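Subject: Handing over the structure

Hello,

Here is the structure I promised to pass on to you. Please open it first, and then read my notes alongside it.

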Amino acid sequence: MERRAHLDTLAVHAGQEPDPVSGAVMQPIVLASTFAQDGPGNHRGFDYSRSGNPTRQALEKCLAALEGGTHGLAFGSGCAAMTTLLHSLTRPGDHVVAGDDLYGGSFRILDKVMKPYGVLTTQVDMSDLKAFEAAIRPETRLVWLETPTNPMLKVFDIEAICALARARGILVAVDNTFATPCLQQPLALGAHMVMHSTTKYLNGHSDVVGGAIVTADDGLAEALRFHQNAMGAVPGPFDCYMVLRGLKTLHLRMERHVRTANAIASWLEAHPQVEKVHYPGLASHPQHAIARRQMSGPGGMISFVVKGGLPAARALLGTVEIFVCAESLGGVESLIELPAVMTHGSIPAAQRQELGISDGLIRISCGVEAEADLRDDLARALDAATRATV
Ligand SMILES: *Cc1c(COP(=O)(O)O)cnc(C)c1O
């Protein structure tokens with residue numbers, strides 16, 4: 001079933017069978033830290049919950065199926081997944097190539113955790129494939145590919161980048177958090193691994209912090225599985241259950257996130273108080289053609305620049321009533337934030353400017369509320385921004 005079924009069916013069923021004892025249709029939450037052995041060393045597949053847990057295993061199988069991989073590994077956060085991946089596959093002296101516009105926490109891992117350990121990273125705008133190639137060194141071991149990016153929503157050509165990397169024996173890991181397997185399947189495009197912050201769309205209800213890695217490569221899976229256990233950054237069974245539960249509606253939620261974001265992005269682009277809209281679904285987006293080719297929908301995230309800079313942006317965020325001013329993304333509720341002050345405040349101002357993260361840049365995560373209500377909310381907030389400007 002799991003190989004042939006559509007993603008919508010896998011999201012509901014993959015990795016899960018009715019409980020053989022009770023018939024319960026939902027995965028039991030197995031809280032036990034240890035498992036009885038029939039004799040010393042003779043167990044039924046589980047011995048200690050850091051090494052393996054039935055609830056976590058169901059989630060790992062479901063995630064693997066959704067990404068078209070054969071091995072799934074769950075972690076206590078997206079950052080834990082990334083740190084474990086980097087420590088599994090790089091050694092001091094190795095080099096990483098990453099995009100220039102990265103999730104802040106990913107940048108911090110590369111800069112503050114891996115660099116002191118002796119693994120250096122070069123950041124480059126990967127929409128320029130020549131610049132990407134020029135960033136590769138003889139010691140480059142891994143490409144860290146985040147697309148669409150945060151918060152500028154740049155789209156990088158996964159297939160082209162994987163082909164260039166594979167020709168040189170370099171591994172590619174794709175952070176698929178923004179797109180989800182519903183909209184983008186990096187393994188099918190040539191990536192070796194997919195990483196997720198399950199905190200976002202996969203759980204989808206803003207009530208779990210979690211992470212995951214999926215691969216179809218047995219050797220990589222073995223190294224990752226060893227480090228998952230050895231480094232120990234595993235999620236608890238309750239959190240695994242919550243993500244499994246969230247996954248059952250992933251395809252339904254993504255459909256609505258995309259529909260609403262498409263409508264709101266077009267509406268924002270026509271608004272006189274809006275200077276610029278960054279959304280891969282708009283024809284004006286510089287990588288619109290790549291997005292159409294490699295994604296089945298442009299996602300639920302939009303960023304836009306409000307005219308009037310910081311005062312206008314603050315007035316806008318102070319006026320919204322349905323959008324919640326908060327970091328994070330991918331939940332059923334719509335969120336709004338100011339990257340320069342909030343999620344990307346730790347990036348040096350000069351680098352922010354270079355990337356286009358101006359004081360008037362606003363990022364929204366479109367939830368599943370009625371689109372008309374969200375638009376009305378933004379319309380009132382943009383009126384307030386206009387008043388704050390004059
Ligand atoms: C949130 C996020 C992460 C980090 O995940 P946590 O679960 O917060 O540790 C990594 N990449 C992207 C794109 C994210 O949005």
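Let me start with a charge over a ring: lysine 200 sits over the face of tyrosine 103, and the distance to the ring centre is 4.9 Å. Please keep in mind throughout that this is a predicted model.

Next, the aromatic rings. Searching the whole structure turns up one aromatic pair. It is formed by phenylalanine 35 and phenylalanine 46, whose ring centres are 5.6 Å apart; the planes meet at 40°, so the pair is tilted.

Serine 49 is another residue of the loop between H1 and H2. It is buried as well, with a relative accessible area of 15%. If neighbours within four places in sequence are left aside, serine 49 touches Ala32, Ser33, Phe35 and Arg56. Phe35 in that list is the phenylalanine 35 of the tilted pair.

Now to the strands. Strand S2 (residues 95-99) has five of its five residues buried, so it is largely enclosed by the rest of the structure. S2 pairs with strand S3 (residues 120-124) in the parallel sense, over five bridges. One place to look is valine 97, whose bridge partner in S3 is threonine 122.

Further along, there is an open sheet of five strands with mixed pairing, and its order is S8-S9-S12-S11-S10. Which strands form the edges? They are strand S8 (274-278) and strand S10 (324-325), each of which pairs on one side only. S10 is joined to strand S11 (residues 335-337) by two bridges, and these strands run parallel. Within that pairing, cysteine 325 has isoleucine 336 of S11 as its bridge partner.

Two helices lie across strands of this sheet. Helix H10 (residues 250-269) lies across S8, strand S9 (301-306) and strand S12 (361-365), and runs at about 15° to S9. Helix H12 (residues 309-319) lies across S9, S10, S11 and S12, at about 130° to S9.

At 6% relative accessibility, isoleucine 347 counts as buried. Its C-alpha atom is separated by 9.8 Å from that of isoleucine 357, ten residues apart along the chain.

Finally, the cysteines. How many disulfides are there? The count comes to zero. For cysteine 79, the nearest cysteine sulfur belongs to cysteine 240 and is 17 Å away. Cysteine 79 is partly exposed, with a relative accessible area of 30%. Cysteine 182 is in no disulfide either, and the nearest cysteine sulfur, that of cysteine 62, is 11 Å away. Cysteine 182 counts as buried, at 18% relative accessibility.

Those are my notes, and I hope you enjoy exploring.

Best wishes

Definitions and conventions:
Residues are numbered from 1 along each chain as its sequence is written. This is a predicted model: local features need pLDDT of at least 70, side-chain atom pairs count only at pLDDT 80 or more; totals for chains, interfaces and linings use all residues. Side-chain values use heavy atoms; hydrogens and water are left out. Rings of Phe, Tyr and Trp (its six-membered ring) pair if their centres lie within 6.5 Å; planes under 30 degrees apart count as stacked, over 60 as edge-to-face and the rest as tilted. A charge sits over a ring if NZ of Lys or CZ of Arg is within 6 Å of the ring centre and within 35 degrees of the ring normal. Two strands pair if DSSP finds at least two bridges between them. Helices (H or I, at least four residues) and strands (E, at least two) are DSSP runs, numbered from the N terminus. Contact means heavy atoms within 4.5 Å. Axes are lines fitted to C-alpha atoms, for helices over the stretch in contact, and angles run from 0 to 180 degrees between N-to-C directions. A disulfide is a pair of cysteine sulfur atoms within 2.5 Å. Buried means under 20% relative accessible area, exposed over 50%, partly exposed in between (1.4 Å probe, protein chains only).
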